[in-house]
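User: I am new to this structure and would like to go through it step by step. Could we take it one topic at a time?

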Amino acid sequence: TAAPAAPAAPAGGRPRRRRTARWVAGIALVVVVAVVAVLATRPSYQAEEALSPLVGHQAPPISTTTVTGQRFSLAAERGRWVILNFFASWCVPCQEEEPELVAFAYQHRQAGGPLLVSVVFEDTDAAAAAFQRAEGATWPTLTDPGTKIALAYGVTSPPETFLISPTGVVAAHIYGAVTTSFLDRQLARAERSFG
């Protein structure tokens, strides 16, 4: 006797499965593209105000030389805002931040405006100076032998930025790569609080 015939597959069964697999693959692709787009357009490290025991107190004194050999004293800058930025040439967020600092310095270049000052953090002075030159930085860049300035300010990882009022009081501590607009907002807020 002949073996019973196998039941016929439902009409359109395989094509329906293929269509479902295509839809799932298409949705997965859209999700992956969306995630990549968000990651690509998001800043790799956003700045935020950080807690520091220095805020509201006199800034630790700074007396050192710049990478070009000039003397620098923080006390000599009383009467104007000082934006003190710790950086290193090897630091990726610092590299992302530098064009923003250049733009900020340019926008505030008028006499009596805030003074941007950089401090070399665990980097060679030569590498730091070359990095600053290549980026177009024209403000003082301070050497920090033995990381004494960084230790006095409690800096652990660049970039870190301190806003110092005209009376020498630390008004804010910012952790992470700043943008020009973020720094402007922080400075405006500090000016309202600290004069």
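User: What is the bridge partner of Leu163 in β8?

Analyst: In this predicted model, Leu163 has Ala172 as its bridge partner in β8.

User: In which sense do β7 and β8 pair, and over how many bridges?

Analyst: The pairing of β7 with β8 is antiparallel and extends over five bridges. The two strands form a hairpin with five residues between them, and Gly168 there takes a positive phi near 90 degrees.

User: What about β4 and β7, how do they run and how many bridges join them?

Analyst: Strand β4, residues 82–87, and strand β7, residues 160–164, run antiparallel and are joined by five bridges. Ile83 has Leu163 as its partner in β7, and Leu84 is bridged to Phe162 of β7.

User: What order do the strands of the sheet follow?

Analyst: The sheet is open and has six strands, in the order β1-β8-β7-β4-β5-β6, with mixed pairing. Its edge strands are β1 (48–49) and β6 (141–142), each of which pairs on one side only.

User: Which strands does helix α2 touch?

Analyst: Helix α2, residues 92–107, packs on the sheet and touches β4, β5 (115–120) and β7. The direction of α2 makes about 160 degrees with that of β4.

User: And α5, which strands does that helix touch?

Analyst: Helix α5, residues 180–194, also packs on the sheet, where it touches β1, β4, β7 and β8 (170–175). Its direction and that of β8 make about 155 degrees.

User: Back to β7: why is it described as largely enclosed?

Analyst: Five of the five residues of β7 are buried, so the strand is largely enclosed by the rest of the structure. Both of its faces are covered, with Glu160, Phe162 and Ile164 buried on one side and Thr161 and Leu163 buried on the other.

User: Where is Ser165, and is it buried or exposed?

Analyst: Ser165 lies in the loop between β7 and β8. It counts as buried because its relative accessibility is 3%, and the cut-off for buried is under 20%.

User: What does its side chain make a polar contact with?

Analyst: The side chain of Ser165 makes a polar contact with the side chain of Thr167, at 2.9 Å. Apart from neighbours within four places in sequence, Ser165 is in contact with Arg80, Trp81 and Phe194.

User: Changing topic, at what angle do α2 and α5 cross?

Analyst: Their axes cross at roughly 50 degrees and come within 8 Å. The two helices, α2 and α5, are therefore oblique to each other.

User: Which residues make that contact?

Analyst: From α2 they are Glu100, Leu101, Ala103, Phe104 and Gln107, and from α5 they are Thr180, Leu183, Asp184 and Leu187. In this contact of α2 with α5, five residues are nonpolar, two are polar and two are charged.

User: One more residue: where is Tyr153 found, and is it buried or exposed?

Analyst: Tyr153 belongs to helix α4, residues 148–153. With 2% relative accessibility, Tyr153 counts as buried.

User: What does Tyr153 touch?

Analyst: Leaving out residues up to four places away in sequence, Tyr153 touches Leu54, Ala59, Pro60, Ile62, Leu74, Leu84, Phe86, Phe162 and Ile164. Tyr153 and Ala59 are 94 residues apart in sequence, and their C-alpha atoms are 8.1 Å apart in space.

User: Finally, how many helices and strands does the chain have?

Analyst: The chain has five helices and eight strands, following the pattern α-β-β-β-β-α-β-α-β-α-β-β-α along the sequence. Of its 195 residues, 39% are buried.

Note on methods: Residues are numbered from 1 along each chain as its sequence is written. This is a predicted model: local features need pLDDT of at least 70, side-chain atom pairs count only at pLDDT 80 or more; totals for chains, interfaces and linings use all residues. Side-chain values use heavy atoms; hydrogens and water are left out. Two strands pair if DSSP finds at least two bridges between them. Helices (H or I, at least four residues) and strands (E, at least two) are DSSP runs, numbered from the N terminus. Contact means heavy atoms within 4.5 Å. Axes are lines fitted to C-alpha atoms, for helices over the stretch in contact, and angles run from 0 to 180 degrees between N-to-C directions. Buried means under 20% relative accessible area, exposed over 50%, partly exposed in between (1.4 Å probe, protein chains only). A polar contact is a pair of N or O atoms within 3.5 Å; within protein, one must be able to donate a hydrogen and the other to accept it, and residues adjacent in sequence count only if both atoms are side-chain atoms. Angles under 35 degrees count as roughly parallel, over 145 as roughly antiparallel, 65 to 115 as roughly perpendicular and the rest as oblique. Ala, Val, Leu, Ile, Met, Phe, Trp, Tyr, Cys and Pro count as nonpolar, Asp, Glu, Lys and Arg as charged, and the others, Gly among them, as polar.
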